Amino acid sequence: MSHTTARTRPRTAAGVLLATALAATTAACGSSEPPLAAPEAYQAANGITLKGPIGNGRKADPDKPLEVTAASFQGRMTDVTAVDSAGRYLAGELSADGRRWHSTTPLAGNARYTVRVSTVDEDGAAGRKVLNFATGKPTAKQVLDVAFGPKTGTYGVGQPVTAELSAPVQSPAQRAVVERALRVESTPAVAGSWHWVDDKELHFRPKDYWPAQATVRVRSNLEGIKVGDRMWGGRSTPLELTIGDKVVALTDAGAHRMTVYKNGEEIKSFPVTTGKPGFDTRNGVKVVLAKERFVRMRGTSIGIAEGSAESYDLPVHFATRVTWSGEYVHAAPWSVGSQGVANVSHGCTGMSTENAEWFFENVREGDVVEVVNSAGDMMEPFGNGFGDWNLDWEKWQAGSALSGEAAGAPGPADRARLSPQSL
């Protein structure tokens, strides 16, 4: 969360003494907060109030921003922190004169908040006040639910995390609210970013592939948060993924050969055939989507007229799918004579039955299959599988509603505390 810190004011003698005390406290304890004085100094914060219908059993309207003021206080606020009972920080901004703080992200509905305010009065005495309030029930007409994918399990290093929304979110401001609430944490930690595929779908990926053997945890803090006019965040089920070994299969369509690497070391290399002219295999990075031991492949599925010269209807074994439109890595015993020599398929990567079975048994969903030196187009980033890695990092980040924030850095909801640079 961004904050506006108090501007530097001319220092009085009392101000110089206070700055000296602050420096001493920071050196001794490593704290960035103003030091708290004796108990009587807490009276210096008695004039701090919450603005709105709060107290006496009344609840705050979650549709409106929270405001903390120093209207009857002879001094100014130096630090404001607001957090709800679920541990979610409320982002906000403090005015330059330290007289007003207001929230900049939506309040949660049906929640209890604790607000901690640090102050300094006109004599330089530090104080603190703790305020509590609850918010009322949202007047929601629509609940925005989030469903994460894939399902819990072990995946390869290329597997993106997906978030499917139950309703479209179009405005940049509303997208920012949603995105800040979607949390992805990995062990070991990596820099990563969400990317809006469309109004209802987001993908998350690291800058580079996931580290081998990583653990990825995904959750949403959106429940009870106002997203937009009469739209509130709903529940979601957290997700945990395990990342396996780093398996990358590199297919050189020009050399008619596939080489498989595991954790950076070559473990297998064999001849293949890829798409012939007019049916060229897509270049670029693809991610294993599924494995099927038997598939019946028909030319009509890719627009080839039945009975034409290119028509086919074949039983296919050990088929590893890499696009939804029908591109596989599979056994092609009928083309063994061309494997390693020429490209004769209708877009798939074909190999001997023995090699296809080995490949089938040694890859999993999320593993990477990359094709180079084909005359085909580049794999689409979205819509035909996971081509997410074909966007460079700069373009990937540009698809985030928080693209102005550093990748992997805490978002505004995590930077809710204000640490003034000067008093």
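**Reading a helix, a sheet and some rings**

Tutor: Start with helix α2, residues 172–181, where R175, A176, V177, V178, E179 and A181 are buried. Keep in mind that this is a predicted model.

Student: What covers the buried residues of α2?

Tutor: Strands do part of that work. The cover includes β8 (142–144), β11 (161–165) and β12 (182–187). It also includes β13 (192–198), β15 (215–220) and β16 (226–228).

Student: Can we look at one residue in that cover?

Tutor: Take V227, which lies in strand β16. Buried means under 20% relative accessible area. V227 has 5%, so V227 is buried.

Student: How far apart are V227 and A176 in sequence and in space?

Tutor: They are 51 residues apart in sequence. In space they are 9.0 Å apart, C-alpha to C-alpha.

Student: Which residues is V227 in contact with, leaving aside its neighbours within four places in sequence?

Tutor: L144, Q174, V177, V178, L222, W232 and G233.

Student: Now α3. Which of its residues are buried?

Tutor: N355, A356, F359 and F360. Look down the axis of α3: these buried residues fall within an arc of 135 degrees, so they line one face of the helix.

Student: Is a loop residue like S335 buried or exposed?

Tutor: Check the place, then the number. S335 is found in the loop between β25 (328–331) and β26 (349–351). Its relative accessibility is 7%, so S335 counts as buried. Leaving aside its neighbours within four places in sequence, S335 is in contact with T273 and V344.

Student: How do I read a sheet?

Tutor: Here is the general idea. Strands of a sheet pair through backbone hydrogen bonds, either parallel or antiparallel. Now the case: 3 strands form an open sheet in the order β3-β6-β7, with antiparallel pairing.

Student: Which are the edge strands?

Tutor: β3 (75–84) and β7 (126–134), since each pairs on one side only. From one strand to the next, the twist averages 20 degrees.

Student: How many bridges join β6 to β7?

Tutor: There are 9, and the two strands run antiparallel; β6 covers residues 112–121.

Student: What should I look for in a hairpin?

Tutor: Look at the pairing, then at the turn. Strand β19 (residues 247–252) and strand β20 (residues 257–262) pair in the antiparallel sense over 6 bridges. The bridge partner of V247 in β20 is K262. This hairpin has 4 residues between the strands, and H256 takes a positive phi near 60 degrees.

Student: And what does β20 do with β21?

Tutor: β20 pairs with β21 (residues 265–271) in the antiparallel sense, over 6 bridges. Here K262 stands opposite E265 in β21. The hairpin of β20 and β21 has 2 residues between the strands, and N263 takes a positive phi near 50 degrees.

Student: Next, the rings. How many aromatic pairs are there?

Tutor: A search of the whole structure finds 7. To sort a pair, use the angle between the ring planes: under 30 degrees counts as stacked, over 60 as edge-to-face. F204 and W210 have ring centres 6.2 Å apart and planes at 25 degrees, so this pair is stacked. Both residues are buried. F204 and W210 also form one aromatic cluster with W194.

Student: What about F318 and F360?

Tutor: Their ring centres are 5.8 Å apart and their planes are at 65 degrees, so the pair is edge-to-face. The pair links distant parts of the chain. F318 is in strand β24 (residues 313–321) and F360 is in helix α3 (residues 353–362), 42 residues apart. F318 and F360 are both buried.

Student: Which charged residues lie over rings?

Tutor: Here are two cases. The charged end of R205 sits over the ring of W396, 4.9 Å from its centre. K268 lies over the face of W358, at 5.5 Å from the ring centre.

Student: Last, the whole chain. How many helices and strands are there?

Tutor: The chain has 4 helices and 27 strands. Of its 423 residues, 47% are buried. Take the contacts between residues at least 6 apart in sequence: 68% of them join residues at least 24 apart.

Note on methods
Residues are numbered from 1 along each chain as its sequence is written. This is a predicted model: local features need pLDDT of at least 70, side-chain atom pairs count only at pLDDT 80 or more; totals for chains, interfaces and linings use all residues. Side-chain values use heavy atoms; hydrogens and water are left out. Rings of Phe, Tyr and Trp (its six-membered ring) pair if their centres lie within 6.5 Å; planes under 30 degrees apart count as stacked, over 60 as edge-to-face and the rest as tilted. Buried means under 20% relative accessible area, exposed over 50%, partly exposed in between (1.4 Å probe, protein chains only). A charge sits over a ring if NZ of Lys or CZ of Arg is within 6 Å of the ring centre and within 35 degrees of the ring normal. Contact means heavy atoms within 4.5 Å. The arc is that of the directions from the helix axis to the C-beta atoms. Two strands pair if DSSP finds at least two bridges between them. Axes are lines fitted to C-alpha atoms, for helices over the stretch in contact, and angles run from 0 to 180 degrees between N-to-C directions.
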